Amino acid sequence: MSASPSVSGKASEAYDVVVVGAGFAGMYMLHKLRGQGFSARVYEQGDGVGGTWYWNRYPGARCDVESMQYSYSFSDELQQEWDWSERYAPQPEILKYANHVADRFNLRPDIQFNTTVERTDFNESTNLWSVALSDGKTVIAKFVVLATGCLSNARMPEIKGLDSFEGKVYHTGHWPHEAVDFTGQRVGVIGTGSSGIQSVPVIAEQASHLTVFQRTANFSIPARNAVLSEEERQSFRAKYPEVRHFARVESRNGIYTEMPDRGALDDGDNERRSKYEARWNRGGLTFMSVYNNLGLDKTANDTAADFVREKIAEIVEDPETARLLQPTSHPIGTKRICFDTEYFSAFNRPNVTLVDIKSNPIEEITANAVRTGGREYEVDALVLATGFDAMTGSVARIDIRGRNGQALNQKWAEGPRTYLGLMSAGFPNLFVITGPGSPSVLSNMIVSIEQHVDWITDCVSYMRGRGFEAMEAKKDAEDNWVAHVNEVAYATLYPTANSWYMGANVPGKPRIFMPYIGGVGPYRQICNEVAAKGYEGFAMVGTEQPRKMAAS
Ligand code: FAD
Ligand code: NAP
C-alpha cells in the first residue's frame with residue numbers, strides 16, 4: 001500500500017483513489033492514475049480481472065463489436081502487437097487479453113481480488129470517503145471511482161419453483177469456470193436476448209434436446225464471424241489513427257463505419273432493399289446505421305424491421321416457429337439488437353423446440369421440468385439467459401452515503417440522476433464510469449470507458465494542481481442534464497420499447513431511459529467543454545492553492 005500524504009493519518013490504509021471493479025474500466029483507471037502519480041487501490045469481487053469477460057463464460061459468448069475496435073486504444077504498442085484471431089473474439093480470448101493487459105502494465109499489485117466494496121461513507125469534515133470491504137477492513141480515500149459495470153449484476157428471474165429444480169441451473173452472467181458439457185442432456189434456455197441468442201446454437205449442437213423458452217422475440221442480424229488473416233489485421237492496424245479518431249470524435253456509437261447520408265424513405269423500394277441486403281450480408285452492428293432515421297421514424301424503422309422479419313421467415317422452415325421468432329413488440333434497434341451465428345437456423349434442427357411463454361407464461365418450474373400452457377417440458381439442466389439489473393444494479397448493491405448521510409439508493413429511488421453520467425449531486429468526489437446519463441451501453445463501450453477514465457484523471461489532476469479538496473455536481477447542472485438526457489431520448493423511438501435501457505426488465509424498477517442517446521462524439525465535446533470552462537456545473541471546495549497528493 002502506498003499511503004497518500006493528503007489522506008494519511010486517517011486510517012491504516014489510505015489512498016488517493018479507490019476504484020471499485022477490475023473490468024476494462026477499472027484496469028485502465030488504475031493505469032492512468034498511477035501514470036499521474038496518484039496512489040490507487042482497486043477492489044474486485046471476482047478472483048481475476050476482465051469483468052464481463054470473467055463472468056460471462058457461457059457457450060458462444062463473444063463480443064459483437066469487432067475486436068479490432070472492441071479493444072483498448074490507449075497504448076499503440078498494445079493495439080499493434082495484440083493478434084485478434086477472429087472478427088469477433090470469443091470470450092476466452094477477450095479474457096486472455098484482459099489478463100495480458102494486467103500483466104503488461106503490472107496492474108495486479110494494486111488490485112485486491114475476492115473483495116467486495118460493501119459500503120462507502122463521505123465524511124464532510126475531512127472530505128474523505130471511508131470504504132468498507134467484505135474482508136472486514138475499512139480504508140480511506142479522497143476519491144472513489146465506481147467501475148462496477150453496466151451489465152454486471154446478473155438477474156435471477158422470479159419464477160415459481162425455480163429453487164425446487166433438481167438439475168443444474170446456470171445463469172449466463174455467472175457461468176462456472178470449469179467447462180460445462182451438455183452432451184446427451186435435455187436443456188432448457190430461458191431468455192432470448194443477446195446471451196440466449198449466442199448460446200442457443202452452441203448448446204443445440206451438444207444437447208440431446210434443447211427447449212428455448214421465449215417471452216419476447218428479438219431482432220438479430222448475422223454476425224458473419226470469420227477468422228482474421230494477418231493481412232486483414234495489418235491493414236486495420238495501419239489505419240488505427242483514423243479508426244480511433246473517428247470512433248471517439250465523429251461517431252455516434254464509438255464504431256468506425258460509414259455515416260448514413262439519408263433516411264430510409266429517401267430511397268425507393270428496390271434501392272432500400274439492396275442496401276439492407278448488403279448490410280445483412282456484411283453482418284454486424286452497422287446494420288442499423290444504413291439510414292439516419294431508423295431510430296427516429298417509425299415508418300422508416302418498419303422498412304428495416306420488415307426486412308429482418310422476412311429473412312427470419314426465409315431461414316426458419318416451420319411457419320409457426322418462424323412466426324413466433326418474428327419480433328413485433330418493438331421497433332428494430334430499440335431493444336439492444338442482437339448478432340448471431342446460426343441462431344434462427346438452429347430452430348430447423350430436430351432437437352430444438354421453441355416454446356412461446358408470452359402467450360403462456362411459465363406457471364412453475366418443478367424438480368425436472370418447466371410447466372407452461374398446462375404442459376411439462378422435461379429438462380436435465382436450465383440455462384437462465386435472463387439478463388441484468390443494468391446500469392444501476394451494481395451501484396445499488398453498495399451502500400453509498402453522501403452528504404448528510406444521504407443514501408444514493410434513496411436519491412435514485414425514482415431513477416438515476418447524474419450530471420454527465422459522471423457524478424451525482426450530494427456525493428462529492430465520487431465518480432461513475434459509463435454511468436446512467438452517459439452514452440455507455442449505446443456505444444462501443446471501450447471507447448466510452450477510455451473517455452471517462454481520461455476525463456476523470458484530468459479532473460483529479462486539475463484538483464490536485466489547484467488544491468481543491470472536493471468536487472461535486474451542482475444540483476441545477478444535474479437537473480438540466482437529466483432533462484436533456486430525457487429530451488433527447490424521447491425524440492427517438494427507444495423509449496417505446498420495454499427494454500433494459502428503460503429498466504423495464506426488472507419488476508418495480510423506475511422507467512427511465514438511462515443511457516444518453518446524444519452520441520459519443522457530441523457527448524465527448526460537451527465533457528471537454530465543461531472541463532475547459534473550469535469544470536462548469538461542478539462546485540469545487542477548498543482553496544485554490546497547489547497541494548500535494550501522493551507522489552506529486
Ligand atoms: P465490467 O466488465 O462489468 O466490470 C465491473 C467489475 O466490477 C466486475 O468484475 C465486478 O465483479 C466488479 N464489481 C462490481 N461491483 C463490485 C463491488 N461492489 N465490489 C467489488 N467489485 C465489484 N460491450 C461492447 O461495447 N461490445 C461488446 O461486444 C459487448 N459484449 C458484451 C457481452 C456480454 C455477454 C455482456 C454481458 C456485455 C457486453 N458488453 C459489450 C458490455 C460490457 O459490459 C462492456 O463492454 C465492458 O466489458 C464493461 O467493462 P466495465 O469494466 O465497465 O464493467
Ligand atoms: P437481455 O437482453 O435482458 O435478455 C434477457 C432475456 O430473458 C429476454 O429475452 C427476456 O425477455 C428474458 N427474461 C427475463 N426475465 C424473464 C422471466 N422472468 N421469464 C422469462 N423470460 C425472461 O439479457 P442478455 O441477453 O444477457 O443481454 C444483456 C445485454 O448484454 C445485451 O443487450 C448486450 O448489451 C450485452 N450482451 C452482448 C453480447 C454480445 O453479443 N456481445 C452478448 C450478451 C450480452 P423479455 O425481453 O420479455 O424481458
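This is a predicted model: local features need pLDDT of at least 70, side-chain atom pairs count only at pLDDT 80 or more; totals for chains, interfaces and linings use all residues.
**Exercise 1. Find which atom of arginine 62 lies close to a nitrogen atom of ligand 2, then build up the surroundings of that ligand.**

*Step 1.* Arginine 62 takes part through its backbone: an N or O atom there lies 3.0 Å from a nitrogen atom of ligand 2. Residues are numbered from 1 along each chain as its sequence is written, chains are lettered from A and ligands numbered from 1 in the order in which they are written, and side-chain values use heavy atoms, with hydrogens and water left out.

*Step 2.* Now turn to side chains. An N or O atom in the side chain of arginine 215 is 2.9 Å from an oxygen atom of ligand 2, and a polar side-chain atom of threonine 216 lies 2.4 Å from an oxygen atom of the ligand.

*Step 3.* Check the cover. On its own, ligand 2 exposes 910 Å², and the protein buries 88% of that. Accessible areas come from the Shrake-Rupley method with a 1.4 Å probe; for residues, only the protein chains shown count as cover.

*Step 4.* Describe the shell. Ligand 2 is surrounded by 24 residues, with Thr192, Ser195, Arg215, Thr216 and Lys335 the closest; a residue is near a molecule or strand if one of its heavy atoms lies within 4 Å of it. The shell splits into nine nonpolar, nine polar and six charged residues. Here Ala, Val, Leu, Ile, Met, Phe, Trp, Tyr, Cys and Pro count as nonpolar, Asp, Glu, Lys and Arg as charged, and the others, Gly among them, as polar.

*Step 5.* Helix H5 (residues 194–206) supplies the largest share, three residues. Helices (H or I, at least four residues) and strands (E, at least two) are DSSP runs, numbered from the N terminus. Ligand 2 lies between domain 1 (7–153 + 390–541) and domain 2 (155–218 + 335–387), because both give residues to its shell. The domain bounds come from an automatic or database domain assignment.

**Exercise 2. Work out which residues come nearest to ligand 1 and how the shell around ligand 1 divides.**

*Step 1.* Among the 33 residues around ligand 1, the nearest are Glu44, Thr52, Asp64, Tyr70 and Met445.

*Step 2.* List the polar contacts. An N or O atom in the side chain of tyrosine 70 is 2.5 Å from an oxygen atom of ligand 1, and a polar side-chain atom of threonine 52 lies 2.7 Å from an oxygen atom of ligand 1. A polar backbone atom of valine 117 is 2.9 Å from a nitrogen atom of the ligand.

*Step 3.* H2 gives the most, with three.

*Step 4.* The shell around ligand 1 divides into 17 nonpolar, 14 polar and two charged residues.

**Exercise 3. Decide how many disulfides the structure holds, and explain the case of cysteine 63.**

*Step 1.* A search of the whole structure finds zero disulfides, a disulfide being a pair of cysteine sulfur atoms within 2.5 Å.

*Step 2.* For cysteine 63, the closest cysteine sulfur belongs to cysteine 338, at 15 Å, so the pair is too far apart for a bond. With 4% relative accessibility, cysteine 63 is buried (under 20% relative accessible area; exposed is over 50%, partly exposed in between; 1.4 Å probe, protein chains only).

*Step 3.* Cysteine 527 can be treated likewise. Its closest cysteine sulfur, in cysteine 459, is 11 Å away, too far for a bond, and cysteine 527 is buried at 0%.

**Exercise 4. Say whether asparagine 404 and asparagine 429 are buried or exposed.**

*Step 1.* Asparagine 404 sits in the loop between strand E17 (399–401) and helix H13 (408–411). Although not a glycine, asparagine 404 has a positive phi of about 55°. Its relative accessible area is 73%, so asparagine 404 is exposed.

*Step 2.* Asparagine 429 is in the loop between H13 and strand E18 (430–432), and has a positive phi of about 60°. At 0% relative accessibility, asparagine 429 is buried.

Note on methods: A polar contact is a pair of N or O atoms within 3.5 Å; within protein, one must be able to donate a hydrogen and the other to accept it, and residues adjacent in sequence count only if both atoms are side-chain atoms.
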